[in-house]
Amino acid sequence: MNNDTAVPHVDPQQLPRDSFTNSDLVRIELVRAAASIARELDEYVQMVAEDEAQAGDYVRLAKAHRANDFLMGAAVVAERVRGTSWEVLAEVLGLNAEEAEEEWGRAEARWRRETPVTSVHRKDPGYFAAAADEYITTGSPGRIGPAGGRPLSASLDAAAHLTGRDVAAADQAFAGAPVCAHCSR
């Protein structure tokens with residue numbers, strides 16, 4: 001194997017908390033939201049398939065999951081942090097810009113106010129990035145994936161100073177994301 005093409009192994013749990021950019025944090029949270037919904041839906045499918053439900057459980061559990069609102073909120077916040085305008089989001093959502101901002105703007109404002117004290121994702125982003133990598137590579141939490149399988153972590157801006165990836169290009173793509181605190185860029 002040619003070492004020039006090898007992807008460096010990045011253990012996100014070893015990265016300093018302040019090296020994660022807003023772009024990193026929001027992507028970690030979005031992957032976690034999607035993975036959480038996928039796990040819940042797996043359980044729902046099993047409950048239905050094995051006919052373990054009591055009367056009303058199919059609807060009760062489907063209503064409780066409200067997966068689309070949860071994931072949509074996380075996705076909208078991620079797009080806003082990346083610099084996507086309300087106009088673009090409105091077009092995708094089938095709304096006008098004012099309606100889109102009214103419906104999802106509070107979620108974005110809440111996200112921007114979060115700190116390591118108020119958000120587990122900001123307190124320990126490396127842990128959640130590692131958990132996301134595990135889910136992505138195995139499709140199941142708690143099961144070990146292929147060696148070096150770090151698809152999310154390897155692409156994080158926080159890992160740029162270890163891998164030599166140009167974080168400046170990501171900063172241009174994700175308007176407003178701060179530069180990695182540990183990189184000279």
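A patch is made of residues with over 30% relative accessible area and no salt bridge; like charges are joined within 9 Å, and nonpolar side chains (Val, Leu, Ile, Met, Phe, Trp, Tyr) within 5 Å. Lys and Arg count as positive and Asp and Glu as negative, with His and the chain ends not counted. The place of a charge is NZ of Lys, CZ of Arg, CG of Asp or CD of Glu. Areas come from the Shrake-Rupley method with a 1.4 Å probe, only the protein chains shown counting as cover for residues.

This is a predicted model, in which local features need pLDDT of at least 70, side-chain atom pairs count only at pLDDT 80 or more, and totals for chains, interfaces and linings use all residues. Residues are numbered from 1 along each chain as its sequence is written, and side-chain values use heavy atoms, with hydrogens and water left out.

**Whole chain.** Of the 185 residues, 35% are buried (under 20% relative accessible area; exposed is over 50%, partly exposed in between, with a 1.4 Å probe and protein chains only).

**Negative patch.** Select E87, E98, E99, E101, E102 and E103, which form a negative surface patch. Helix 5 (residues 97–113) gives the most to this patch, with five residues. E87 belongs to helix 4 (residues 86–93) and is exposed at 53% relative accessible area.

Next select E79 and R82, whose side chains form a salt bridge (3.9 Å, N to O), one of four in the whole structure. The term requires a side-chain nitrogen of Lys or Arg within 4 Å of a carboxyl oxygen of Asp or Glu. The two residues are about one helical turn apart because they are three residues apart in helix 3 (residues 67–82).

Move to E108 and R112, a salt bridge with its closest N and O atoms 2.9 Å apart. E108 is buried at 10% relative accessibility, whereas R112 is partly exposed at 43%.

**Helix 6.** Finally, select R122 in helix 6 (residues 120–123). Is R122 buried or exposed? R122 is buried, with a relative accessible area of 10%. The R122 side chain reaches the backbone oxygen of W111 at 3.0 Å and forms a salt bridge with E114 (3.9 Å, N to O).

Methods
Helices (H or I, at least four residues) and strands (E, at least two) are DSSP runs, numbered from the N terminus. A polar contact is a pair of N or O atoms within 3.5 Å; within protein, one must be able to donate a hydrogen and the other to accept it, and residues adjacent in sequence count only if both atoms are side-chain atoms.
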